[in-house]
Amino acid sequence: MAPELDMTELPDRLRDVRSRIVAAAQRAGRAPETVRLIAVSKRKPASAIRAAYELGVRDFGENYVQELSSKREQLEDLHDIRWHLIGHLQSKKARQVAPIVHAVHTMDSAKLVHELSRRAHAVGRQIEAFVEVNLAEEPQKAGATPGQLPALVEVLTEAPSLRLVGLMAIPPAAETGDALRSRFRQLRDLAAEQSPPLSRLSMGMSADFEVAIEEGATEVRVGTGIFGARTNPEAAAG
Ligand SMILES: *Cc1c(COP(=O)(O)O)cnc(C)c1O
């Protein structure tokens, strides 16, 4: 059982993250409203999501289909929540997520595109799609390689019930400073090179969302910065 979360720090943490988003956008000469904050609630209880909702958050990111479904059921009364799937999605789970997600950030194969579009169509929905890109071509990491991207973009633009909006990436864990900044820039350049060019970039987490915003992020995925450390790694990871 997850320990009861101490939510007293949530308002301050959220205020801090929001003001850092605004400051980073302004440094880059961007309107702060062009950056969407996705609160990553994996391994945090539904009560934490409800508390963030009450502070105005509407976009929540989850990594696991099972965990997402269960929290969504517990929070059925919050009708205008937008759920973002930010973890790897297997084609066989497309049917489960199609009725509930606003966006999937981890599209990485033609098979998944076909299956998710088919399942979304069956329930009369359009789902926003980001292609996950494995920028450094790390062998253990999910996502399309930069070379595989054009073909996958083409498949996605033809999928009737998915709306391709942008690219998503998680930079190599060891990269910091200039290397990290170049990595975000690499994603921005790749998005601009696609046909049609893609306008949105899902990049930046608690440790690096400000740099990501300076380099063009339109969706930042922030977990620990809002909800605190995830102390129970196994509890809800299903
Ligand atoms: C967990 C996770 C996040 C949030 O990470 P924090 O460091 O807690 O902000 C963002 N994106 C993805 C894909 C994640 O798995």
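How many residues surround the ligand, and which are the closest? In this predicted model, in which residues are numbered from 1 along each chain as its sequence is written, local features require pLDDT of at least 70 and side-chain atom pairs pLDDT 80 or more, whereas totals for chains, interfaces and linings use all residues. Side-chain values rest on heavy atoms, with hydrogens and water left out.

The ligand is surrounded by 13 residues, the closest being Lys 42, Asn 63, Ser 206, Gly 223 and Arg 230; a residue is counted if one of its heavy atoms lies within 4 Å of the molecule. This shell comprises 6 nonpolar, 4 polar and 3 charged residues (Ala, Val, Leu, Ile, Met, Phe, Trp, Tyr, Cys and Pro count as nonpolar, Asp, Glu, Lys and Arg as charged, and the others, Gly among them, as polar).

Polar contacts (pairs of N or O atoms within 3.5 Å) involve both nitrogen and oxygen atoms of the ligand. A side-chain N or O atom of Arg 221 lies 2.9 Å from a ligand nitrogen atom. A ligand oxygen atom is 2.8 Å from a polar side-chain atom of Arg 230, and a backbone N or O atom of Thr 224 is 2.8 Å from an oxygen atom of the ligand. Of the 390 Å² of accessible area that the ligand has on its own, the protein covers 89% (Shrake-Rupley method, 1.4 Å probe).

A pocket is an open set of points on a 1 Å grid over the protein atoms alone where a 1.4 Å probe fits, with protein on both sides within 12 Å along at least five of seven lines; lining residues have an atom within 4 Å of a point. The largest pocket holds about 520 Å³ of space, a volume being that filled by probe spheres set on the points. Its lining has 27 residues, of which Lys 42, Ile 170, Met 205, Arg 221 and Arg 230 are the closest to the centre.

Technical notes. A polar contact is a pair of N or O atoms within 3.5 Å; within protein, one must be able to donate a hydrogen and the other to accept it, and residues adjacent in sequence count only if both atoms are side-chain atoms.
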